[in-house]
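Here are some friendly notes to read alongside the model.

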Amino acid sequence: MAEVEKQAREQSQLTAVTSKTQNVHGDNMVVTTTTQYEQQAFSTRTDWRVRAISATNLYLRTNHIYVSSEEVSEDGITYVLPKKMLSKFITIADLRTQIAGYMYGVSPPDNDQVKEVRCIVLVPQVGNHKGVTLPMRLPDHEMLDGLEPLGWLHTQPSELPQLPAGDVITHAKAMDANKSWDGDKTVVLTCAFTPGSCSLSAHKLTSKGYAWGKDNISAAAVGGDTQGYGADCYEQVQMLLSDRFQGFFLVPDDDVWNYNFMGVKHSAGMDYGVKLGLPKEFYHEYHRPAHFLTFSSMEDSGLGADHADIDDNFS
């Protein structure tokens, strides 16, 4: 009771703090605050400005790409990915937020054990450092006719010793919803950002992994644990980078594939169309219109006139 009374006395003794500042227009502002929360400096939780600057150096990592070849079975299918396509995919990414795309390709006429990735489709998506959410519907375009689905690829903030359980669940969910996905031909290709470089690895699901992922789809939605998940749920497959053939990208009709800055517009059941084109970078102005609306409102409030006066003085 004594402590409660002490807290009541402290709350009753308000300390007024008066501060005098100037705004961008040069007007003097005198503000008096009496509570603690009013005296705390505001700081945003998102560090997107710093990350946007860091993302401009992602192209340097394309000079140092390493392909993981540990414990790879030589009896399975070998996947060949154009290096230029991978470089473009890396440069439009973010160091922390994962991005993903669907892979489509063909087999050479003389070898059905080789799959050449010819197309990467960037669909509307939202992500975080643990995973990425894609629409339930697969892309549909005339340029995909004659190409078979080969799985999906995504970025990762750091290299992990095993395939994340979330990737297994996402892959199993796609296989369950789309009968065109063959478990023996579709893989998860991971591009992990290591210091100054990128590390690639490709995995396919085993029958146990598919069953485990299918059973834990609902558990993942509520943040369930990974009980029963192990190294026997997946196996690593061989992957190569090549400069011998080129590929192409398919992007949404409105060029907007990154919905991280407008997540309320994204949903798993959303409809979208795709077209041939180069994907915009993660922090492109198309992906964050709210930021530019803020800038325009600042200019409408009189900042534009101030800048014009400054330009006249200098001229």
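Predicted model: local features only at pLDDT ≥ 70, side-chain atom pairs only at ≥ 80, totals over all residues.

1. Let me begin with Asp-232, which is partly exposed at a relative accessible area of 43%. Residues are numbered from 1 along each chain as its sequence is written, and side-chain values use heavy atoms, with hydrogens and water left out.

2. What does Asp-232 meet in a salt bridge? Its partner is Lys-208, at 2.5 Å from N to O. The term salt bridge here stands for a side-chain nitrogen of Lys or Arg within 4 Å of a carboxyl oxygen of Asp or Glu. By this rule the count comes to nine salt bridges.

3. The Lys-208 and Asp-232 pair links distant parts of the chain, 24 residues apart. Lys-208 belongs to helix 6 (residues 207-215), while Asp-232 is in the loop between helix 7 (217-221) and strand 12 (234-242). Helices (H or I, at least four residues) and strands (E, at least two) are DSSP runs, numbered from the N terminus.

4. Please look next at Arg-137 and Asp-271, a salt bridge whose closest N and O atoms are 2.9 Å apart. Arg-137 lies in the loop between strand 8 (132-133) and strand 9 (148-156), and Asp-271 in the loop between strand 13 (248-252) and strand 14 (274-276), so the pair ties together parts that are 134 residues apart in sequence. Arg-137 is partly exposed at 31%, whereas Asp-271 counts as exposed at 64% relative accessibility.

5. Glu-116 and Arg-118 form another salt bridge, with the closest N and O atoms 2.5 Å apart. Is Glu-116 buried or exposed? Glu-116 counts as buried, at 15% relative accessibility, while Arg-118 is partly exposed at 28%.

6. There is also a network of salt bridges to view as a group: it links Lys-115, Glu-148 and Lys-185.

7. Finally, a backbone point: Asp-255 has a positive phi of about 70°, although it is not a glycine. Asp-255 lies in the loop between strand 13 and strand 14, and it is buried, with a relative accessible area of 17%.

Definitions and conventions:
Buried < 20%, exposed > 50% of the residue type's maximum accessible area, 1.4 Å probe, protein only.
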